[in-house]
Amino acid sequence: MYRRPLQLAARSVVTAAGRRSACGKALEHESCSRALAASELVRVRVSSPCRTLHISTQLCNVKETPQHTEEEVGAFTKLIEAMGFTAPLKYNKWKIKIAALRMYTCCVERINYDEFFEKCSLPDTLNSWFLVAQVHVWMCLVRMRQEGREGKYMCRYIVHSMWEDVEQRSKIMGIDAMHRKEAMKAMTETFYAAIFGYDEGILSDDCVLAAALWRNLFNRQCEDPKQLELMVEYVRKQMQFIDTLEGNDLLLTGEVKWRPLVEENAQSVLKVARPTYNDTGL
C-alpha cells in the first residue's frame, strides 16, 4: 500500500522538473533574443552617419593610472595627531619648543609698542599691549601652520608662551587673582575670536581685513580711516615678508625680523639672509 503514494510522489517530482527545465529553456531563449536585439540596436546606432566614432590607436597604448583615494582618518587618530603622539617629528621636540619661545620673544621684544600706541591712538595699557602682540603672534601662527606637523606642534607652544607671559605681566602689575582670572578669560575669548577674523581678512580683500582690525585691534573705537589703512598695509607687507623666510630655519631658530610700521616703499620685499645655527639647532 505504501508503493502507490511513493510512485505518485516520484511522478510529481519528475513532472515538476520537466516543467522547470522547459521554463528555463524558454527564459534562456527569451534572454538570448533580447541580447541579440540590443546588439542589433547598438550596431545600427553606431553605423548611423550622425553618430561618428573617432577611434585612435594611441589610446590603446595608454595605461590607466589608478586614482588616489584619500584615507579616512578617524576621530581618535586626529586626537592622537593633535597631541603629537604619532610618528616622530622631523626635528627634536625640545628644539621646536625653544624655537617657539624665541619666535614669541621676537613678537614681544622686537616690536616698538610705543609707536603702535601713538600711530593707532591706543591707550598704554596691558590690554592694548596684548592686542598688538596678538596680531604678531597670529602672523607667526599663519606662517608656521604651513610647515606641516612640526609647524603645528610649534604653534601650540607659541600660544602657550604667550599665555604664560600675559599671566606673569598681570602679576607684576599687581592684579589680584580673581581679576586676573577674569581678565585671562576675556583675553582668551578675544584672542580666538580675533584669530578667525584675521584669517578671514587675510584671505579676503582689504575691506574685510580692515573690518577685522577695527573690531579686534581698535576695539571698535577707530574713527580715523588712515589708521586702518596703515594697519592693513602693515599686515599685508608683514605677511608677504614672513612668507619669504625659510621654513626649516624658522623651525630651528624661530628668528623673525619685522618690518617697520611706517616706511617709504612698503611694496618692496627683499629676501632676507638665512640665519646661521649650529648642529644642535641653537
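Trainee: What covers the buried residues of helix 3?

Mentor: The cover includes helix 4, helix 5, helix 6 and helix 10. Contact here means heavy atoms within 4.5 Å. Helices are DSSP runs (H or I, at least four residues), and strands are E runs of at least two, numbered from the N terminus. Buried means under 20% relative accessible area, exposed over 50%, and partly exposed in between, with a 1.4 Å probe and protein chains only.

Trainee: And what sort of model is it?

Mentor: It's a predicted model: local features need pLDDT of at least 70 and side-chain atom pairs count only at pLDDT 80 or more, while totals for chains, interfaces and linings use all residues. Residues are numbered from 1 along each chain as its sequence is written, and side-chain values use heavy atoms, with hydrogens and water left out.

Trainee: OK, which residues of helix 3 are buried?

Mentor: Lys95, Ile96, Ala99, Ala100, Met103, Tyr104, Cys106, Cys107 and Val108.

Trainee: How much of helix 5 is buried?

Mentor: 18 of its 19 residues, so helix 5 is mostly covered. Its end C-alpha atoms are 26 Å apart, which agrees with the 27 Å those residues should span at 1.5 Å a residue. That expected span is 1.5 Å times one less than the number of residues.

Trainee: How many residues are in the largest nonpolar core?

Mentor: There are 64, and those with the most contacts inside it are Trp129, Leu217 and Trp258. Helix 5 gives the most to this core, with 14 residues. A nonpolar core is a set of buried Ala, Val, Leu, Ile, Met, Phe, Trp, Tyr and Cys residues joined through side-chain atoms within 4.5 Å.

Trainee: What does leucine 217 touch?

Mentor: Beyond neighbours within four places in sequence, leucine 217 is in contact with Leu122, Leu131, Val132, Val135, Tyr198, Ala212 and Met231.

Trainee: Switching topic: how many disulfides?

Mentor: The structure holds 0, a disulfide being a pair of cysteine sulfur atoms within 2.5 Å. For cysteine 155, the nearest cysteine sulfur is that of cysteine 140, 8.9 Å away.

Trainee: Is cysteine 207 buried or exposed?

Mentor: Exposed, because its relative accessibility is 60%. Cysteine 155, at 8%, counts as buried.

Trainee: How many salt bridges are there?

Mentor: The structure holds 8. Each is a side-chain nitrogen of Lys or Arg within 4 Å of a carboxyl oxygen of Asp or Glu. One of them joins arginine 143 to glutamate 147, with the closest N and O atoms 2.7 Å apart. Arginine 143 is buried, with a relative accessible area of 5%.

Trainee: What about aspartate 165?

Mentor: Aspartate 165 pairs with arginine 169, at 3.1 Å between the closest N and O atoms. The two are 4 residues apart in helix 6, so about one helical turn separates them. Aspartate 165 is buried at 17%, whereas arginine 169 is partly exposed at 29%.
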